[in-house]
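Here's a quick briefing to keep next to the structure viewer.

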Amino acid sequence: MTHLKNFYLDTVKGRPSAEAFNGMICVYSLLQRRMDEYFQPYALTPVKFNTLMLIRHVGREAGISQNDIGHHLIVSPSNITRLVDRLIADGYARRTVSAQDRRIKLIKITKKGSIILDQVFHGYGEMIQQAAYVLERNKVEQLAALLLEWFSKLDDSHPKENGNV
């Protein structure tokens, strides 16, 4: 990782915007590796986990359309179809037809999907805590505020297409 750090951080010294952006890339890379390692024994990936969380908490009992999953996760329609197909093959989700519009396929979480989320959620939260609190609490709070502010301003400045992000 030192080589990656040197490449991404040392090459942009003195340019705060590039240092911030490349620093996030390095942090994301480390966190992605930790998440991959955490989910591997459960035959999950971070994307599968996030999709199941979305289905469970946004879709709730009614389910969520594949289009909405794609918009929330910023994933192309073909990739979302493959992802949902894998979740269905794993027994974690099921596809139904909307009662209001038969063209819309709704994705709902299965009991097996809820069970796997319950199994991994606590440990996932602990992993996030451990990763965040290598910094002092006040620095984590500052970082969170800055990132949320940055996200909000970027989101507000980005033209929306058809009311979607």
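A quick word on confidence before anything else: pLDDT is the predictor's own confidence in each residue, on a scale from 0 to 100. You're looking at a predicted model, and its mean pLDDT comes out at 87. Of its residues, 90% reach 70 or more.

**Confidence along the chain**

**Overall fold**
- You'll find seven helices and three strands in the protein.
- Going along the sequence, they come in the order α-α-α-β-α-α-β-β-α-α.
- Along the principal axes, the C-alpha atoms fill a box of roughly 55 × 40 × 30 Å.

**The largest pocket**
- Its volume is about 1,100 Å³, and 23 residues line the largest pocket.
- Which residues lie nearest its centre? They are Met24, Val27, Tyr28, Leu31 and Leu147.
- Four helices each supply at least two lining residues: H2 (16-39), H3 (46-59), H6 and H7 (137-157).
- Helix H2 gives the most to this lining, with nine residues.
- Sorted by class, the lining of the largest pocket has 20 nonpolar residues, two polar ones and one charged one.

**Where H4 meets H5**
- Helix H4 (residues 66-73) packs against helix H5 (residues 77-89) at an angle of about 110°, and their axes are 10 Å apart.
- Angles from 65 to 115 degrees count as roughly perpendicular, so that's the label for H4 relative to H5.
- On the H4 side, the contact uses Gln66, Ile69, Gly70 and Leu73; H5 brings Ile80, Thr81, Leu83 and Val84.
- Five of the residues in this H4-H5 contact are nonpolar and three are polar, with no charged ones.

**Where H3 meets H5**
- The axes of H3 and H5 cross at roughly 85° and come within 11 Å.
- From H3, the contact is made by Val47, Lys48, Thr51, Leu52 and Ile55, while H5 contributes Leu83, Arg86 and Leu87.
- By class, the H3-H5 contact residues split into five nonpolar, one polar and two charged.
- Look out for Leu83 of H5: this residue takes part in the contact with H4 and also in the contact with H3.

How values were computed
Residues numbered from 1 in each chain as written. Predicted model: local features only at pLDDT ≥ 70, side-chain atom pairs only at ≥ 80, totals over all residues. Heavy atoms only, no water. 1 Å grid on protein atoms, 1.4 Å probe; cavity = no way out; pocket = protein on both sides within 12 Å on 5 of 7 lines; lining within 4 Å. Points joined across faces, edges and corners; volume = space filled by probe spheres on them. Nonpolar A, V, L, I, M, F, W, Y, C, P; charged D, E, K, R; others polar. Axes fitted to C-alpha atoms, helices over the stretch in contact; angles between N-to-C directions. Parallel < 35°, antiparallel > 145°, perpendicular 65-115°, else oblique. Contact = heavy atoms within 4.5 Å.
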